[in-house]
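Visitor: Please show me how to read a structure, one feature at a time. Where do we begin?

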Amino acid sequence: SSSQSRILTTMASEGWMRRRVESDASAFEKGRINVLAQERQAVQKKTFTKWLNAHLKRVNIKVDDMYLDLRDGIVLHKLLEILSGEKLPKVSRGKMRIHKLENSDKVLQFLKMKKVHLENMGAHDIVDGSARLSLGLVWTIILRFQIQDIVMEESAEKRSAKEALLLWVQRKTAGYPGVNVKNFTSSFRDGLAFNALIHKHRPDLINYDGLVQSEHLDNLNNAFDVAEQDLGLAKLLDAVDVDVNVPDEKSVMTYVA
């Protein structure tokens, strides 16, 4: 009958609309995830570039764009010599791809010798300047030569570098009002943890009781400025990048370590 036909048509239309809404929602969610991933990648690139320059200034090298500037293998070669205190096999100064591949291979062989795990990474990945792999490589170097130096053992239990660093921060900031460090993301957003870490070592530099928890940017900038001016620590982070729902974990860890 015509009424049944209308009902079926309406049901079909509603089903199509529901699928369309679900499809749009799914597309929006995927788009949002991609945007967040790109934002995180941009923050990491900025932090890691500052970290590289903080070390490379000793040999008068400056990285402007790490995706481009690491491709010849020479910058990474110099960085590893600085971090390890060891001499690596001499680099080639040639400009051809084969020379860049040779230099990058020397970097990877040195890391392999230091028992640094580099999954599926070859010299061509460095020379091609892959954003994801470049960030991964620098993070691996930070982990091996900076963060893993923080080794703590509780009874017979050996901790990962991340767990050891977190435990160190928790011990240093214990008892500070408003500080409860559970991670390297949201626990650092309001800036109090950074200020507490400085105050613990140099109480003369921070008026901790004068800080207001809700003033995130002021707290973050206070800690970063004091650390740079009085402790000589490079300002690897920008306050606006930390005062977000989920600050980038690797960037925060790099600065804290």
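Guide: Start with a pair of charges. K114 and E86 form a salt bridge, their closest N and O atoms 2.4 Å apart. That pair links distant parts of the chain: K114 is in the loop between α4 and α5, E86 in the loop between α3 and α4, 28 residues apart. A salt bridge here means a side-chain nitrogen of Lys or Arg within 4 Å of a carboxyl oxygen of Asp or Glu.

Visitor: What sort of model is it?

Guide: It is a predicted model: local features need pLDDT of at least 70, side-chain atom pairs count only at pLDDT 80 or more, and totals for chains, interfaces and linings use all residues. Residues are numbered from 1 along each chain as its sequence is written, and side-chain values use heavy atoms, without hydrogens and water.

Visitor: How many helices and strands does the chain have?

Guide: There are 11 helices and 2 strands. Both are DSSP runs numbered from the N terminus: helices are H or I, at least four residues, and strands are E, at least two. From the N terminus, the order is α-α-α-α-α-α-β-β-α-α-α-α-α.

Visitor: How many salt bridges does the structure hold?

Guide: Side chains of opposite charge can pair when their charged atoms come close. This structure holds 14 salt bridges. In one of them, D241 meets K46 at 2.7 Å, N to O. D241 lies in helix α10 (residues 239–242) and K46 in helix α1, so the pair ties together parts 195 residues apart in sequence. A network of salt bridges links K46, K50, D238 and D241. Another bridge joins D128 to R97, with the closest N and O atoms 3.1 Å apart. D128 is in helix α5 and R97 in helix α4, so parts 31 residues apart in sequence are tied together.

Visitor: Is D125 buried or exposed?

Guide: Use the cut-offs: buried is under 20% relative accessible area, exposed over 50%, partly exposed in between (1.4 Å probe, protein chains only). D125, in helix α5 (residues 123–128), is buried yet has no salt bridge. The nearest side chain of opposite charge, R132, is 7.3 Å away. Lys and Arg count as positive, Asp and Glu as negative; His and the chain ends are not counted.

Visitor: Why is helix α3 largely enclosed?

Guide: Helix α3 (residues 74–84) has 8 of its 11 residues buried, so the rest of the structure largely encloses it. Among them are I74, H77 and E81. Just after α3, G85 takes a positive phi of about 75°.

Visitor: Which residue other than glycine has a positive phi?

Guide: N60 is one, with phi near 55°. It sits in the loop between α1 and α2 (66–69). N60 is exposed, at 72% relative accessible area.

Visitor: What is the volume of the largest pocket?

Guide: Rolling a probe the size of a water molecule over the atoms shows where empty space is left. On a 1 Å grid over the protein atoms alone, points are kept where a 1.4 Å probe fits; a pocket is an open set with protein on both sides within 12 Å along at least five of seven lines, and lining residues have an atom within 4 Å of a point. The largest pocket has a volume of about 460 Å³. Of its 21 lining residues, A227, L233, Y255, V256 and A257 are the closest to its centre. α8 gives the most to the lining, with 4 residues.

Methods
Points joined across faces, edges and corners; volume = space filled by probe spheres on them.
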